[in-house]
Amino acid sequence: MNEKRTVAVTVNGKKYSKEVPVRLTLADFLRHELGLTGTHLGCEHGVCGACTILLDGQSARSCLMLAVQVEGREILTVEGIAPSVDKLHPLQEAFRDNHGLQCGFCTPGMLTTLIEFLRDNPDPTEQEVRIAISGNLCRCTGYQGIVLAALDAAKRMRDARA
Amino acid sequence: MKPPPFQYHDPKTVAEAVSLLGSLENAKLLAGGQSLMPMLNMRFVLPDHVIDLNRVEGLSGIKESGGVLEIGAMTRQRDIEFSDLVKAKCPLLHQAIMQIGHRQTRNRGTIGGSLCHLDPAAELVSVAAAHDATVVVAGPNGQREIKFADFPVAFMTSSIELNEIVTAVRFPLWAAGHRSAFVEFSRRHGDFAIVSAAVLLEIDGGGKITRASVTIGGVAVAPVRMTEVERAITGQTPSADLFRKACESCRAIEALSDVHASSDYRQHLAAVLSRRALERAAGLSAKTSVH
């Protein structure tokens, strides 16, 4: 019953190929097989949003996918957001400057969710930001800072494009 | 919180999927995974085989022909959300989609998966009931169609056979310019509704209602079509008073009681939300839905 399969996948621009049990979730694959522990696991049943990754550019909960399902696909995790090791993404800078994180547990999911959201909606209202992060729980209840950070990041990214 | 061991199958065609389903014992179909994966992680289900439909060709897409909107079973909720065709021709479906889960779950969740899972409070299940949808299924003997009224048979159980899979859902479209509203009450945005109301109305040039569909979700094992309300308002001119009186009959629904809400409260919500949905559809109230 411990069937295995080889998965070839691109994560943060790097190609990986690993043999894994078919029942392994994508989240555990990223964390335990690839060592990318930036993706956090809060609830493991699709409620908290901490494990959100981008699958071919679309946000998805990695605890609700199997590793074997991402064969041939491209994944972006929180480790792949910053443009380089010594430079943060404008969204990350905005989180730092607006007190957008306290314990940091929900941050990877907040960032990946907002990367997709701000790409599709570069000039959102506060209400739209709140709906966008409604699937991500912050148990520090630091939503105010997160919302401010998202709005600030949107502005920084708009200014950078102008 | 890890899935139990199972054998994994990823067929490429509907025929292959049907043949696997017919030959394997204790198999589960995996669509978008937004319900089955949590159930696997929590070990509420222990299948010996998981048949993943994500690589089956030809199960996705939205098209209209002959006044019917056909949506492939594996079409993601996201694709329905962003479909201009759905927005223009089937606005009730668009409004309902916006209340399903979150962006991250709509990106994966499918219409066929939601209908087969058949949660009593699921938004898509209510829309299918409201629109008198038809579910298209494929089995070893070919295709057949199931009227949505005959689709739910018990709590989270549909009338599809064990060796059949849903391939598409057909929504007969209402007249151009018809009105609609989807209103639900839940504790948090994105949660399943405690109670929802889906309304479709056609109003003629003289301002009279010529056709009505009123569906209450979340109160019983399957959405309830309130034919009594539909009859009471058809032929009438929309007014707050008409809707309030007509919707009182929703209090008679034999409602579920659970940890989220008592049956009394659900009956109360059914009457209130159906009235609000009717008022909104008829343009008597501009208020947006409650979350």
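Colleague: At what angle do helix α2 (residues 90-97) of chain A and α3(A) pack, and how far apart are their axes?

Modeller: The angle is about 125 degrees and the axes are 10 Å apart. The model is predicted: local features need pLDDT of at least 70, side-chain atom pairs count only at pLDDT 80 or more, and totals for chains, interfaces and linings use all residues. Residues are numbered from 1 along each chain as its sequence is written, while chains are lettered from A and ligands numbered from 1 in the order in which they are written. Helices (H or I, at least four residues) and strands (E, at least two) are DSSP runs, numbered from the N terminus. Axes are lines fitted to C-alpha atoms, for helices over the stretch in contact, with angles from 0 to 180 degrees between N-to-C directions.

Colleague: Why is α2(A) called oblique to α3(A)?

Modeller: Under 35 degrees counts as roughly parallel, over 145 as roughly antiparallel, 65 to 115 as roughly perpendicular, and the rest as oblique. The angle of about 125 degrees therefore makes α2(A) oblique to α3(A).

Colleague: Which residues of α2(A) and α3(A) meet?

Modeller: Leu91(A), Gln92(A) and Phe95(A) in α2(A) meet Thr107(A), Leu111(A), Leu114(A), Ile115(A) and Leu118(A) in α3(A). Two residues are in contact if their C-beta atoms, placed from the backbone, lie within 7 Å. By class, this contact of α2(A) with α3(A) has six nonpolar, two polar and no charged residues. Ala, Val, Leu, Ile, Met, Phe, Trp, Tyr, Cys and Pro count as nonpolar, Asp, Glu, Lys and Arg as charged, and the others, Gly among them, as polar.

Colleague: What makes α3(A) oblique to α5(A)?

Modeller: Helix α3 (residues 107-120) and helix α5 (residues 143-161) of chain A pack at about 40 degrees, with axes 11 Å apart, which means that α3(A) is oblique to α5(A). From α3(A), Met110(A), Leu114(A) and Leu118(A) make the contact, and from α5(A), Ile146(A), Ala150(A), Ala153(A), Ala154(A) and Met157(A). That contact of α3(A) with α5(A) has eight nonpolar, no polar and no charged residues.

Colleague: Why does α10(B) count as roughly antiparallel to α11(B)?

Modeller: Helix α10 (residues 240-247) and helix α11 (residues 263-281) of chain B pack at about 150 degrees, their axes 9 Å apart; therefore α10(B) is roughly antiparallel to α11(B). Ala240(B), Phe243(B), Arg244(B) and Cys247(B) of α10(B) make the contact with Ala271(B), Ser274(B), Arg275(B), Leu278(B) and Glu279(B) of α11(B). The classes in the contact of α10(B) with α11(B) are five nonpolar, one polar and three charged.

Colleague: What makes Gly66(B) exposed or buried?

Modeller: A residue is buried if 20 or more other C-beta atoms, placed from the backbone, lie within 10 Å of its own, exposed if 12 or fewer, and partly exposed in between. Gly66(B) has 7 other C-beta atoms within 10 Å and is therefore exposed. Gly66(B) lies in the loop between β4 (62-65) and β5 of chain B.

Colleague: How many residues of strand β10 (residues 165-172) of chain B are buried?

Modeller: Six of the eight residues of β10(B) are buried, so the strand is mostly covered.

Colleague: How many bridges join strand β5 (residues 68-72) of chain B to β10(B)?

Modeller: Five bridges join β5(B) to β10(B), and the two run antiparallel. Strands pair if DSSP finds at least two bridges between them. In β10(B), Ala168(B) is the bridge partner of Gly72(B). Strand β6 (residues 134-139) of chain B also pairs with β10(B) in the antiparallel sense over five bridges, and Thr134(B) stands opposite Arg170(B).
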